[in-house]
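User: Hey, I've got this model open and want to get my bearings. Can you walk me through it?
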Amino acid sequence: MVHLLGAVPVPYPSWLNTGDNTWQIAAATFVALQSIPGLMVLYAAIGQKKWAVNMLAMMFAGFSLVLIAWVLWSYKMGFGATSVGGGVRNGVQTQLTGVGWVKHLFENFVGKPGGITSSVGEEGQAVSAANTVIPFHFPTDTLAYFQFVFAAITPLLFAGSVLGRIKFSAWCLLVPLWSTFVYGVDAFVLWGGGYFAQEGALDFSGGFVIHMSAGVSGFVAAWVLGPRLLRDREHTIPNNLILAGVGAGILWLGWNGFNGGDPYYAGTDMAAAVVNTNLATCAGVITWMGMDAWLSKQRKPTFLGGVNGMICGLVGITPCAGWVNGRGAIYVGVIDTAIVWFAWTYLSKVRPFSKVDDAYGVIYTHGIAGLFGGLLLGIFGDPNMIEYGCGHLNSAGQVVNTSAATYAATTKTCTPFSVSGLMYSGSAHQLWEQFRAALFVIFWSALITFILMKLIGLVLGGARYKDEILEIGDLAIHDEEVMPEEPFAERVGGGGPGAGGFELAGIGGSAPPGFEDPPPPVGSGPENTT
Amino acid sequence: MKLVVAVIKPFKLNEVKDALQAVGVQGMTLTEVNGFGRQRGHTEVYRGAEYEIDFVPKIRLEVLVEDAQADPVVDAVVSSAATGKIGDGKVWVVPVETVVRVRTGERGEDAL
């Protein structure tokens, strides 16, 4: 390594804040763990045993495909500093006033695709058109990895809609294409500083961009694919509720990173987002189990109902996390979960819901939960919950965030960023902005998913497996089963390390490769005489 | 020689095992099985969907005994496995032609 003569090397540049950088990467890792193993284990456990390996394989492959696409082209589509059409240039929203909304939309629609694999791309200071007020205190790679784990979990969420019939090859095409054309656009218009961000629509951590988009896309993909086998639909029985609990628990607590990472600064609003996330989730769990116990036909609280409530609480608070207060978080958890419970129980009997085989009901626990979570922000957003405030000195001489009220009464040097919902402002403006953005995300996700599924079907000669394969499941697709019985297995032929290498090393018996006779054990003990 | 086969409620296994040891039974084989008789099954609910489960878990015990031992073994199973409620299970006895101890090659009653 070469240093300038006399210069003392420092480990990081002056714009970097070690606390922010540390928390951001830690939060990102929590979110990554939500996918693998959280969602992967949950989804493999709540389905039939015959599809568990297929689910594990889809999750591993999907997660891997998204990161490759992400660094080569799609990160910049969602979070790049310059948009196709030039509405956003070099990290600045060039507000296009006086142009029609169509032109405005298309010039602020998606970032220019590009790679971030160079040293400057990886280690330079992160920039995004969404954040023009305070500079990021970490490098591009921190932001890119944090945003990658969100991009990765989104298609994985709708694996729960399409399992039990989608070809593995179709899935491996769908994930990167979907990530590029659906997620790239949804992320840019709301998070990358694109059209809806400029209009004032807000999504703290992805109620619209992630959950609603995944729910809608899964529903459309399931519709294009057609239903699973009748036998599978009639036997959608979980294979392991303990593992479902493990997966669900990782998903829940991983959400501390999911929502806690989205302020981008390890500050006060990060802590508020984490606590609010857990409050809404607890409220969701209790609400769903209570509704099961008092309103369901069987009048019993169920554990998997609790998991559904957990997801509804988590998804509902996602668009609101750092912008509502604790009481608002509990309201969001209860209301969102109750809405989804009713939809799950009654809406599922109405067309088109009754006609589409959304295997795990992702349209309810993510689609509807995300939609209403995002709308509830327009009601419960508390202007005193400040994401990016302005500091002032309190009587003790500490720098604290200035609340909106104090700010209005005292200094007016800069504007603290917070959200004022209907309950506080008496205005439905935020609700209206949320609603418009929701309509766009639903429309775009549905349309592009439909086109992609049709294209993939054309390329692969059908995106679903033949019935003979579907009847068998994992074994037919992967030659693996989820709990192999070792005593029944006898090795034939070569391939793979293990007994083959053992023999070639000359330690084993004289049997030729091919294993007509198993090699005798090395140093076998005395005969068991009992 | 006889083979005594009993299908019992799983939570009764320890009592049955103790009762059989008390009448001199040296070994037994058990299998976890599912079945139904007059007890029928139950309902399970997963994610709001209701399923009828007709088959209930039971333990199937197999004990090889000398002819004279069959009745006391059957009596021991019946008295230890009974709860008086529906679903207590069944016991039956079948004749056995040959028994061989694999380790020594002994045959017949010596192999028991």
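User: How many helices and strands are in chain A?
Analyst: Chain A has 21 helices and four strands. Keep in mind that this is a predicted model.

User: What share of chain A counts as buried?
Analyst: Of its 530 residues, 51% count as buried. As for contacts in chain A with a separation of 6 or more, 78% of them come from residues 24 or more positions apart.

User: OK, helices. What's up with α9 of chain A, is it buried or exposed?
Analyst: Buried for the most part: 18 of the 19 residues of α9(A) are buried, so the helix is largely enclosed by the rest of the structure. The helix covers residues 207–225.

User: Where does α9(A) bend?
Analyst: At Ser213(A), by about 30°.

User: What follows α9(A)?
Analyst: Gly226(A), and its phi is positive, near 85°.

User: What about α7 in chain A, where is its kink centred?
Analyst: The kink in α7(A) is centred on Trp178(A) and amounts to about 35°. This helix runs over residues 168–190, and its end C-alpha atoms are 31 Å apart, which agrees with the 33 Å that its 23 residues should span at 1.5 Å each. α7(A) is mostly covered too, with 19 of the 23 residues buried.

User: Why does Phe79(A) count as buried?
Analyst: Because 28 other C-beta atoms lie within 10 Å of its own, and the cut-off for buried is 20 or more.

User: Which residues does Phe79(A) touch?
Analyst: Leaving out residues up to four places away in sequence, Phe79(A) touches Gly111(A), Ser128(A), Leu143(A), Gln147(A), Ala187(A), Trp191(A) and Gly192(A). Take Gly111(A): 32 residues separate it from Phe79(A) along the chain, yet their C-alpha atoms are 6.6 Å apart.

User: Now chain B. What's the strand order in the open sheet?
Analyst: The order is β2-β5-β1-β6, four strands with antiparallel pairing. β2 (29–35) and β6 (89–95) are the edge strands, each pairing on one side only. From one strand to the next, the twist averages 20°.

User: How many bridges link β2(B) and β5?
Analyst: Seven, in the antiparallel sense, with β5 of chain B covering residues 56–65. Within that pairing, Val33(B) stands opposite Lys58(B) in β5(B).

User: Which strands does helix α2 of chain B lie across?
Analyst: That helix, residues 70–81, lies across β1, β5 and β6 of chain B, and runs at about 5° to β1(B).

User: And β3 and β4 of chain B, what do they form?
Analyst: A hairpin, with two residues between the strands. Arg47(B) is in the turn and has a positive phi of about 55°. β3 (42–46) and β4 (49–53) pair in the antiparallel sense over five bridges, and Tyr46(B) has Ala49(B) as its bridge partner in β4(B).

User: Last one: how many residues does each chain give to the contact?
Analyst: Ten come from chain A and six from chain B. On the side of chain A that touches chain B, α13 (303–317) and α14 (326–345) are the elements that give two or more residues. That side divides into four nonpolar residues, five polar and one charged.

Notes
Residues numbered from 1 in each chain as written. Chains lettered and ligands numbered in written order. Predicted model: local features only at pLDDT ≥ 70, side-chain atom pairs only at ≥ 80, totals over all residues. Contact = placed C-beta atoms within 7 Å. Nonpolar A, V, L, I, M, F, W, Y, C, P; charged D, E, K, R; others polar. Pairing = 2+ DSSP bridges. Axes fitted to C-alpha atoms, helices over the stretch in contact; angles between N-to-C directions. Expected span 1.5 Å × (residues − 1). Bend = angle between axes of the 7 residues up to and from the residue. Buried ≥ 20, exposed ≤ 12 C-beta atoms within 10 Å, placed from the backbone.
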